[in-house]
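Subject: Handover of a structure

Hello,

Here is the structure I promised to pass on. Please open it first, then read my notes below.

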Amino acid sequence: MTLLSIKSEAWAYSLITLGTEMLSSFFSFYYVKLFLEVYKISKSAFCQAQVILMIWNILTDLSGYFHMSSQYDCCLSYRCSLLGALLHAVAFLLPWFPWKHYRESDWLIGLQLVASLCAFDSTHAWVQQAQWRLFAETSPRQESRLQLTRINQMASLVGSVSILFCGLISHNMEILPNFQATSVAIAFLASISFYSGMFNVRQFEFKRNPEENVLSESEQELARTSVILLMRQILSQRNFYLFLIMNFFQVFHLTIFSNFMMIFADNLIPTEALSSSVRSIMYGAGFICPQCLVLLGQSWLKKYGYYKVILISFYLEGAAALVMLLLGQEHYYCLAVYLTVIMVIVHTSLCLFNLPVADMVDADLPKFNRQPLSLMVAVVGALFTRPAQSLAPMLILSKLNQHEYGEANNRRLLDLQDSMFNLVCVVSLGIATVQILTWRSFSVRNRRDCSGMV
């Protein structure tokens, strides 16, 4: 595969992925520590913001479906898509600059967090839903989907480097002006990537043939059908709700480590054991290595299929958590490796989840004799899994608050450290167990054998 052989749709998909990966990985990794430890937001205001985000996401997911299903060509047009992507870059900048000089537990901190979360997640969902549809409906064969996944991971690999560079430049947020300058640079680079990707989307639109236009017109009829009926049909499929359960816990697991990895490492691993630069490399590896593993593991995917690869990753998560729990938190270097390995495994397997989603869309076609419902599948999936992004930080923070997390001169520091260590081990072990039991019942797993891979 050469750069010249890559189709314009693949270029569009990968360039948009590059921009979203730069922004989303940076945002999820840094915003929790920024608001909790730099802005000193109250714990109640933090939880309230997460509840508002959950409600907001439900409303935006449903409204986004009605809008996009009724005006698909308009919503994926060059100008509309570019506007959404550029707004995503602007929303990314909202949390990194305080709206005033904050006092501890200032009410305005909570308002800034709500605005930042809702704006960023809304614009991110706008871009992500279009990507899901592009992936499912422009890559009909499993081989083309694996190729698109490989190209996509190359873009994600480049985008995920933002965590490493920011950590090295800002000393892991210790130098706030450097951190803020880095965030502006990342937003600028993401905007360039979005613009380049949307240019390829425009070329793809101009190449649409009449048959594709007929398909688009039939898709517009979905807006006039019962959404409740469509949701019931989708949820009636056993594989889909099994995937929803598995995906919910995967997003929950990844959110815990993305949001709290720095906090866990700062409290469990002394600075004498790991320097700031080593920590930056560790944090960067948690985002860079998953992309490398997906790229290097293409032969495994073709040989064994995504089902077995994902299942093995769950077993590895559980085994690693059990070993670390038996070793104890005194082994600092082992703990650093464990935190990185769990982050890498969880992130790597999540990178493959587009493959079962695309296969479930394909399986839906002959069963109900209708056009692809990839957008509806994406929306229903988001309705049931995106709440995990809000529940995870709320539950972790409520657990840490029981041991006076964030309090000056904490007299229960040892209890806090024990609680954190149990969270990173026991939660991972429990989630891996649930996912193994759920994923083993998933039956859409053999499409690679009948997809005509050539």
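Which residues of α16 are buried? They are Pro 387, Ala 388, Ser 390, Ala 392, Pro 393, Met 394, Ile 396, Leu 397 and Leu 400. Buried means under 20% relative accessible area, exposed means over 50%, and partly exposed lies in between (1.4 Å probe, protein chains only).

Two notes on the source. This is a predicted model, where local features need pLDDT of at least 70, side-chain atom pairs count only at pLDDT 80 or more, and totals for chains, interfaces and linings use all residues. Residues are numbered from 1 along each chain as its sequence is written, and side-chain values use heavy atoms, with hydrogens and water left out.

**Overall**

The protein chain has 18 helices and 0 strands. Both are DSSP runs, numbered from the N terminus: helices are H or I with at least four residues, strands are E with at least two. Of the 454 residues, 57% count as buried. Contact means heavy atoms within 4.5 Å. Among contacts with a separation of 6 or more, 85% come from residues 24 or more positions apart.

Helix α16 covers residues 387-401, 15 residues in total. From first C-alpha to last it reaches 21 Å, close to the 21 Å expected at 1.5 Å a residue. That expected span is 1.5 Å times one less than the number of residues.

Helix α10 (residues 238-268) bends by about 65° at Phe 260. The bend is the angle between axes fitted to the seven residues ending there and the seven starting there. α10 is mostly covered, with 25 of its 31 residues buried.

**The cores**

A nonpolar core is a set of buried Ala, Val, Leu, Ile, Met, Phe, Trp, Tyr and Cys residues joined through side-chain atoms within 4.5 Å. The largest one holds 84 residues. Phe 26, Tyr 30, Tyr 31, Leu 36, Phe 92, Trp 96 and Tyr 338 touch the most other members. Helix α1 gives the most to this core, with 13 residues. A second, separate core has 25 residues, including Ile 234, Phe 243, Phe 353 and Ile 436.

Leu 36 has contacts beyond its neighbours within four places in sequence. Among them are Phe 260, where α10 bends, and Leu 397, one of the buried residues of α16.

Thr 17 lies in helix α1 (residues 8-38). It counts as buried because its relative accessibility is 6%. Leaving aside neighbours within four places in sequence, Thr 17 is in contact with Gln 131, Asn 152, Ala 155 and Ser 156.

Thr 182 is in helix α7 (residues 176-206). It is buried because its relative accessible area is 10%. A polar atom of its side chain lies 2.8 Å from the backbone oxygen of Asn 178.

**From the record**

UniProt (unreviewed entry) places the feature "transmembrane region" at several stretches, including 179-198 and 420-439. Such annotations may be inferred rather than shown by experiment; feature names are shortened and positions follow the numbering used here. Residues 179-198 are 100% helix and 0% strand, with end C-alpha atoms 28 Å apart. For residues 420-439 the values are 100% helix, 0% strand and 28 Å.

Best wishes

How values were computed
Polar contact = N/O pair within 3.5 Å; in protein donor to acceptor, adjacent residues only side chain to side chain.
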